Amino acid sequence: YSLEGHQFAVFGFCLTSDLRYIVSVSNKFITWDLSTSDLAREVNPGVEGIMQNLVLSPNNKHAAAYTNNNQASSQFSIR
């Protein structure tokens with residue numbers, strides 16, 4: 001599988017605890033369904049810079065990252 005939905009290099013990714021999805025981040029968040037390899041959700045938070053250090057909440061409902069210029073953090077519901 002590839003992460004072709006990103007315009008830039010991927011700077012972080014995490015597997016959900018149920019191993020059903022992978023969330024990747026660059027200038028946007030993309031959630032991939034691992035059973036089908038389909039893009040499940042794409043979120044463009046509209047922040048400047050490249051997002052890094054992706055983390056998922058323990059319940060897999062939220063993802064957060066910060067930009068390389070520390071301007072903003074972003075958070076959204078994974079599903």
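Leu15 belongs to strand E1. The model in which this residue is placed is a predicted one. With a relative accessible area of 46%, Leu15 counts as partly exposed, since that class covers values between 20% and 50%. Setting aside residues within four places in sequence, Leu15 is in contact with Tyr21, Ile22, Leu34 and Leu56.

Leu15 and Leu56 are separated by 41 residues in sequence, while their C-alpha atoms lie 8.5 Å apart in space.

## Overall composition

The protein has 79 residues, of which 37% count as buried. Its secondary structure consists of 7 strands and 0 helices, and the pattern along the sequence reads β-β-β-β-β-β-β.

Considering contacts between residues at least 6 apart in sequence, 31% join residues that are at least 24 apart. The protein exposes about 4700 Å² of surface, and carbon and sulfur atoms supply 49% of that area.

## The four-stranded sheet

Four strands form an open sheet in the order E1-E2-E3-E4, and their pairing is antiparallel. Strand E1 (12-15) and strand E4 are at the edges; each has a single partner strand, so one side of each has no neighbour in the sheet. From one strand to the next, the twist averages 20 degrees.

Within this sheet, strand E2 (residues 21-25) runs antiparallel to E3 and is joined to E3 by 5 bridges. Strand E3 (residues 29-33) also pairs with strand E4 (residues 38-43), again in the antiparallel sense and over 5 bridges. Thr31 illustrates how E3 is placed between its partners: Thr31 is the bridge partner of Val23, and Thr31 also stands opposite Arg41 in E4.

The hairpin of E3 and E4 has 4 residues between the strands. In this hairpin, Ser37 takes a positive phi near 65 degrees.

In soluble globular proteins, nonpolar side chains tend to be buried together. Here the largest nonpolar core has 9 residues, namely Cys14, Val23, Val25, Phe29, Val43, Met51, Leu54, Ala63 and Ala65. At least two residues of this core come from each of E2, strand E5 (51-56) and strand E6 (62-67).

Cys14 is one of the members of this core. Leaving aside neighbours within four places in sequence, Cys14 is in contact with Tyr21, Ile22 and Val23, and also with Leu54, Val55 and Leu56.

## A buried lysine

Lys28 is located in the loop between E2 and E3. Its relative accessibility is 12%, so Lys28 counts as buried, the cut-off being under 20%.

The side chain of Lys28 has polar partners in this setting. A polar contact of 2.7 Å links the side chain of Lys28 to the side chain of Glu42.

Not counting residues up to four places away in sequence, Lys28 touches Gly5, His6, Glu42, Val43, Asn44, Pro45 and Met51.

Key. Residues numbered from 1 in each chain as written. Predicted model: local features only at pLDDT ≥ 70, side-chain atom pairs only at ≥ 80, totals over all residues. Heavy atoms only, no water. Pairing = 2+ DSSP bridges. Axes fitted to C-alpha atoms, helices over the stretch in contact; angles between N-to-C directions. Buried < 20%, exposed > 50% of the residue type's maximum accessible area, 1.4 Å probe, protein only. Contact = heavy atoms within 4.5 Å. Areas by Shrake-Rupley, 256 points an atom, 1.4 Å probe, with all protein chains shown as cover. Core = buried A, V, L, I, M, F, W, Y, C linked by side-chain atoms within 4.5 Å. Polar contact = N/O pair within 3.5 Å; in protein donor to acceptor, adjacent residues only side chain to side chain.
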